[in-house]
Amino acid sequence: MYQIYTRSFADADGDGVGDIAGIRSRLPYLRRLGVDAIWITPWYPSPMADAGYDVSDYDGIHPDYGTQEEFDLLLSEAHALGLKVMTDEVLAHTSDEHPWFLESLTGRDKAGWYVWADPQADGTVPNNWLSVFAGPAWSYQPARQKYYHHKF
């Protein structure tokens, strides 16, 4: 299996960002290397605060990378070469722009899908947990008057 980070793998249109057409152009090469399957890291719409892992829509493809029609071509060309295709669906990594998160702001339905905590008595973060990228692992959300937990 060969992992592909679309943004830096192959740029077919010369705009400096890898894309689906770029992946398609390299499929024969990958097959010659002996690759049986490709694993495409998240390429969903995203504000790109976390290299595309902060997904805002699991049903789409970020416009920098291409379209659903281009993915359909990629899939058929890969299968014609005997390559399997896996796309990475990172369900635990939604953006704060994703509809699930926005719905959780109401405190109903999807509220339990995220970790929310009250501020300390002085209004500061609930505890000293740190995010992977540095700084607190908590962000305040005025709509709920609570902090939400994030690893990144």
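Leaving aside neighbours within four places in sequence, which residues is W43 in contact with? In this predicted model, local features need pLDDT of at least 70 and side-chain atom pairs count only at pLDDT 80 or more, while totals for chains, interfaces and linings use all residues. Residues are numbered from 1 along each chain as its sequence is written, and side-chain values use heavy atoms, with hydrogens and water left out.

With contact taken as heavy atoms within 4.5 Å, the partners of W43 are T6, I20, I23, G60, I61, H62, Y65, F71, L74 and T87. W43 is among the residues with the most contacts inside the largest nonpolar core, together with I23, L27, I38 and L74. This core has 20 residues; a nonpolar core is a set of buried (under 20% relative accessible area, 1.4 Å probe, protein chains only) Ala, Val, Leu, Ile, Met, Phe, Trp, Tyr and Cys residues joined through side-chain atoms within 4.5 Å. Two or more residues come from each of α2, β2 and α3 (68-80), and α2 gives the most, with 4 residues. A second, separate core of 5 residues includes F101, L105, W116 and Y148.

Helices (H or I, at least four residues) and strands (E, at least two) are DSSP runs, numbered from the N terminus. An open sheet is formed by 3 strands in the order β1-β2-β3, with parallel pairing, where two strands pair if DSSP finds at least two bridges between them. β1 (2-4) and β3 (84-87) each have a single partner strand, so one side of each is left without a neighbour in the sheet. β1 is joined to β2 (residues 37-40) by 3 bridges, and I38 in β2 is the bridge partner of Y2.

Terms used:
Buried < 20%, exposed > 50% of the residue type's maximum accessible area, 1.4 Å probe, protein only.
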